Amino acid sequence: MNAPRLLIASLLSAAALQAASLPESQKIDQLLSQDWQKAGLKANPPASDEVLVRRLYLDIAGRIPTLDEAQAYMKSQDPEKRLKLIDMLLASDGYTSHMFNYWADVLRLTDNVKGRITAEAYEEWLKKQVKDNVPYDKFVKNLLTTDGGVWDSGSIGFWQRDENKLDHLAYTVQVFLGTSIVCAQCHNHPFDKWSQMDYYHMAAFTYGMDTKSRGLDFKSDSMKSVELDKKAIQAMSNEEKKAYRAKYAAMRKADDARVSREDLAQVKRAMQDVMKPLRYTSAEWQDGRLPSLPSDYKYPDAKPGQKVEAKTMFGKDAEVKPGQTQLQAFADWMASPENPRFTTVIANRMWKKAFGIGLIEPVDEITDSTVASNPALMDYLSQLMVEQKYSLKSFLRVLYNTDTYQRAATTQEVPAGETYHFTGPVLRRMSAEQIWDSFVTLSKGNVDDTVDEENARLHQYLDDLSSFLGTVKSKGAEGLVQVAKDGRAKLDANQKRIDEMKAKLAADKEKGVDTTAASKQLAKEATALRKASEKDILVALLGKERADDLRKGYQPSNKAKDQRPEIDRKTLESMTKEQRKEFLQAYQRSTSRKDGMGLTSRASEQPSPARPGTFLRTFGQSDRELIQNASDDASVPQALTLLNGPAADVINNPASKLNQAIAKADSPAQKINTLYQALLSRAPTASEQVVLDGVIKERGDKAVADVTHALLTGSQFLFVQ
């Protein structure tokens with residue numbers, strides 16, 4: 001594009017920008033402009049349509065636009081096209097995918113845990129919260145106060161993430177209140193006012209959340225008749241609770257005496273295969289649990305081992321209202337607009353997401369002495385978040401519609417400790433997920449509509465578990481034992497057979513016969529006979545189909561296996577037999593999980609996080625051990641992956657959307673132009689075209705592959721401009 005065309009494009013961009021501006025966006029621009037005047041600065045020039053369409057897709061949907069999407073935007077003469085594109089992208093499943101990746105990093109979400117079904121349900125729950133645009137304050141309350149089994153809500157994964165309750169409290173405060181208190185877990189904070197006692201006061205609010213499964217609870221009808229629900233118990237005074245629990249314990253002891261331990265053990269054995277996955281599937285609030293100070297507590301305000309009551313670290317105290325648990329009061333306190341940090345933290349996080357740097361840095365190490373780089377703007381953003389009722393989509397919509405966001409990126413790196421005055425967004429390197437999803441787009445086109453597919457297999461298994469527990473609860477201990485007794489005839493017959501085999505074995509042993517092999521065979525057959533009897537009990541409880549499903553366990557599906565190559569029919573017909581064979585081999589490599597690529601779905605649908613050594617981890621995806629632990633540093637393995645690894649294989653695959661588009665071009669020059677449009681959403685500049693003409697003249701058809709490698713490894717593709 002020559003200089004006059006660039007000037008015209010800039011003028012059109014500025015005009016369209018002005019027409020699309022929102023009142024709230026104008027207010028932000030006004031506050032920024034006042035700051036520029038004080039600092040003696042000017043705003044960056046307006047970004048071109050080519051830059052903006054790519055930036056908007058990457059920032060909102062987490063991927064580059066397809067050729068058709070970019071060209072449709074470029075051709076549009078609608079003066080409100082940017083506003084409409086922003087709204088369309090915020091409503092898309094691409095936004096769900098991209099924001100899921102963001103929150104997965106913040107919440108350290110990982111499915112590489114023992115409780116696999118809970119982790120997968122947590123992922124799905126999080127995507128639904130993002131897709132439904134659940135208000136942020138409600139989202140946080142949902143996480144903190146979740147209760148029950150994973151079949152009730154996947155949000156219990158939030159509590160299952162950390163076995164250590166004290167560690168979990170530190171992460172919770174850092175994420176939602178932007179305050180790092182982890183040092184105070186072991187000693188008074190060396191750089192802030194928080195003491196170790198403050199830490200334990202806060203931990204007391206969440207200490208009652210129990211994530212350890214106790215197994216099946218076998219209760220008789222008499223026990224269930226006196227059992228009160230949680231709300232009724234919460235409404236009692238402390239003395240009433242104590243009396244109720246004593247009475248309940250006495251009845252439970254008497255109830256246990258009515259059922260023989262042998263019969264109960266038989267029932268439990270029948271259910272042991274089903275019980276294994278239940279170990280990490282629940283979170284239950286237990287009243288009255290408080291943390292104790294560590295044995296090495298050394299400060300004069302308390303003694304080691306002393307119980308610590310709940311008390312907030314700052315602001316108003318958390319008031320426990322009638323019928324509330326301590327945890328519910330804590331959630332109300334934390335997610336309140338009156339909390340001095342809650343709203344500021346999320347407003348600052350979203351500002352950083354849009355512009356690349358927060359008004360407060362670091363975003364999660366706020367202290368009493370912290371001052372935003374633009375205090376007036378920070379105050380307004382906090383006010384705006386409340387006015388938008390904590391709708392993150394509405395808040396981001398305002399930010400993306402500012403004149404400032406739609407200006408050219410600042411390319412100079414902001415030195416640590418220096419103030420950035422936001423004359424435009426900063427130049428940023430794509431995240432690992434954005435790079436992955438951009439490759440998926442080049443290979444498969446827009447696959448955003450696959451992001452929120454419900455995991456039917458997971459839900460069926462969770463329904464089976466819920467039904468199983470409901471059946472157990474409804475029958476009670478006596479009912480379950482009766483089911484076991486009904487199958488006693490077969491069990492007794494099997495036991496008689498085992499006893500006969502044992503007797504024969506003993507007789508042979510007395511005769512001096514070597515019984516080593518026979519003993520092993522007997523043990524094997526005895527186990528099989530017992531399992532057959534125990535399986536019959538489970539079948540009697542649930543029915544054969546559901547019993548078989550539960551014993552089999554949850555087996556996650558491999559979405560990649562269901563994918564098939566999509567290729568233009570004319571392109572396929574034009575291939576030779578050898579080319580078709582090469583195409584199929586390339587496709588199989590690109591979808592294989594073994595090489596860690598499998599570019600068939602978006603990053604949000606891949607293992608979370610990806611395994612070490614795979615594409616996403618090579619490009620810096622967080623290991624989810626720390627909050628937002630991703631890296632945007634370049635490395636030699638990344639360059640090698642782009643040049644020689646699966647990514648290059650996919651790009652060169654005849655089935656990829658990019659190669660199908662290039663194949664339709666008539667000349668090397670047109671092919672390279674298509675390549676630029678696909679990767680950078682623009683045509684080559686005049687100076688680039690001069691260089692490209694020389695490459696085409698020297699390399700001919702091979703120039704396309706050369707330019708592909710050069711663009712893929714270059715900063716213009718890998719950066720959000």
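Modeller: Buried means under 20% relative accessible area, exposed over 50%, and partly exposed in between (1.4 Å probe, protein chains only). This is a predicted model, where local features need pLDDT of at least 70 and side-chain atom pairs count only at pLDDT 80 or more, while totals for chains, interfaces and linings use all residues. Residues are numbered from 1 along each chain as its sequence is written, and side-chain values use heavy atoms, leaving out hydrogens and water.

Biologist: Okay, how many helices and strands are there in the protein?

Modeller: Helices (H or I, at least four residues) and strands (E, at least two) are DSSP runs, numbered from the N terminus. Going by that, the protein has 35 helices and five strands.

Biologist: What percentage of the 721 residues counts as buried?

Modeller: The accessible surface is about 34600 Å², with 51% of it belonging to carbon and sulfur atoms; the areas come from the Shrake-Rupley method with a 1.4 Å probe, and for residues, only the protein chains shown count as cover. As for the 721 residues, the buried share is 50%.

Biologist: Among contacts between residues at least 6 apart in sequence, what percentage joins residues at least 24 apart?

Modeller: A contact means heavy atoms within 4.5 Å. Take those between residues at least 6 apart in sequence, and the share joining residues at least 24 apart is 73%.

Biologist: Which helices are included in what covers the buried residues of helix 4?

Modeller: Helix 4 spans residues 67-75, and its buried residues include Leu-67, Glu-69, Ala-70 and Tyr-73. Their cover includes helix 3 (49-61), helix 5 (81-90), helix 31 (657-664) and helix 32 (668-680).

Biologist: On to the open sheet of three strands: what order does it have?

Modeller: Strands pair if DSSP finds at least two bridges between them. Strand 1 (148-149) and strand 2 (209-210) are the edge strands, each pairing on one side only. The pairing is antiparallel, and the order is 1-3-2.

Biologist: Which residue in strand 3 stands opposite Gly-148?

Modeller: Strand 1 runs antiparallel to strand 3 (residues 282-285), and two bridges join them. In strand 3, the residue opposite Gly-148 is Ala-283.

Biologist: Which side chain makes a polar contact of 3.0 Å with the side chain of Asp-287?

Modeller: Asp-287 lies in the loop between strand 3 and helix 17 (326-334) and is partly exposed at a relative accessible area of 25%. A polar contact is a pair of N or O atoms within 3.5 Å; within protein, one must be able to donate a hydrogen and the other to accept it, and residues adjacent in sequence count only if both atoms are side-chain atoms. By that rule, the partner of Asp-287 is Trp-285.

Biologist: How many Å apart in space are Asp-287 and Thr-325?

Modeller: In sequence, Asp-287 and Thr-325 are 38 residues apart. C-alpha to C-alpha, the spacing is 7.5 Å.

Biologist: Is Gln-628 buried or partly exposed?

Modeller: Gln-628 also isn't a glycine, yet has a positive phi of about 45 degrees. Its loop runs between helix 28 and helix 29 (636-644). With 33% relative accessibility, Gln-628 counts as partly exposed.

Biologist: Which residue does a cis peptide bond join to Ser-608?

Modeller: Omega for that bond is about -5 degrees.
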